[in-house]
Amino acid sequence: MPAPLDKYNVKPDIMIGCAGGGSNLGGLIAPFMGEKLRGEAAEYFARVEGILPAPESSHAIRAAIDEAVRCREAGQEKTIVFGLTGTGYFDMTAYEKFHDGEMSDYVPTDEELAVYRSKLPKVE
């Protein structure tokens, strides 16, 4: 069975996810547990900050930034994969279509941006 990130030619060195009552973290790391049990993967670890459950995505983002800084300072190049919380705020159909090549990026023109900007409420 292919690894879940093979489609993107990604082999993670570091995996970071949110934990706190959902299946998000388990779903992220479960496909790699075979490697871990065979001694082929690095040690997984959890760093607890504050009170659990703490699934807030900003913790995972911060941990990923911290790890990237450590790698940069050590002169190491590593692939860091981090997962955000599965709160349903994302358009998963669009995400799938984008990664399957059925959707492309659209860059609005300066004129279009000006129209959108003119419709924003004024905040003082």
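Among contacts in the protein chain between residues at least 6 apart in sequence, what percentage join residues at least 24 apart? The figure is 60%, where contact means heavy atoms within 4.5 Å.

This is a predicted model, in which local features need pLDDT of at least 70 and side-chain atom pairs count only at pLDDT 80 or more, while totals for chains, interfaces and linings use all residues. Residues are numbered from 1 along each chain as its sequence is written, and side-chain values use heavy atoms, with hydrogens and water left out.

**The whole chain**

Show the protein chain as a cartoon: there are 5 helices and 2 strands. Helices (H or I, at least four residues) and strands (E, at least two) are DSSP runs, numbered from the N terminus. Along the sequence the pattern reads β-α-α-α-β-α-α.

Of the 124 residues, 17% count as buried. Buried means under 20% relative accessible area, exposed means over 50%, and partly exposed lies in between (1.4 Å probe, protein chains only).

**The nonpolar cores**

Select I14, I16, C18, A60, A63, A64 and C71, the 7 residues of the largest nonpolar core. Such a core is a set of buried Ala, Val, Leu, Ile, Met, Phe, Trp, Tyr and Cys residues joined through side-chain atoms within 4.5 Å. β1 and α3 are the elements that give two or more residues to this core, and α3 has the largest share, with 4 residues. A second, separate core has 6 residues, among them M15, I29, F32 and V81. In soluble globular proteins, nonpolar side chains tend to be buried together.

**Salt bridges**

How many salt bridges does the structure hold? There are 3, each being a side-chain nitrogen of Lys or Arg within 4 Å of a carboxyl oxygen of Asp or Glu.

Select K11 and E35 to see a salt bridge of 3.2 Å, N to O. K11 is in the segment before β1 and E35 is in helix α2, so the pair ties together parts that are 24 residues apart in sequence. K11 is exposed at 51% relative accessible area, whereas E35 is buried at 18%. Not counting residues up to four places away in sequence, E35 touches K11, E40 and A41.

Next, pick R62 and D66, whose side chains meet in a salt bridge of 2.8 Å. Both lie in helix α3, 4 residues apart, about one turn of the helix. R62 is exposed, at 54%.

Then take R70 and E67, with their closest N and O atoms 3.0 Å apart in a salt bridge. They too lie in helix α3, 3 residues apart. R70 is partly exposed at 41%, while E67 is buried at 11%.

**Last stops**

Select I61, I65, F82 and L84, which make a nonpolar surface patch of about 310 Å². Patches are made of residues with over 30% relative accessible area and no salt bridge: like charges are joined within 9 Å, and nonpolar side chains (Val, Leu, Ile, Met, Phe, Trp, Tyr) within 5 Å. I61 lies in helix α3, residues 57-74, and is partly exposed at 35%.

Finish at N9, in the segment before β1 (14-16). Phi of N9 is near 55°, a positive value in a residue other than glycine. Most residues other than glycine have a negative phi. N9 is exposed, at 73%.

Definitions and conventions:
Areas by Shrake-Rupley, 256 points an atom, 1.4 Å probe, with all protein chains shown as cover.
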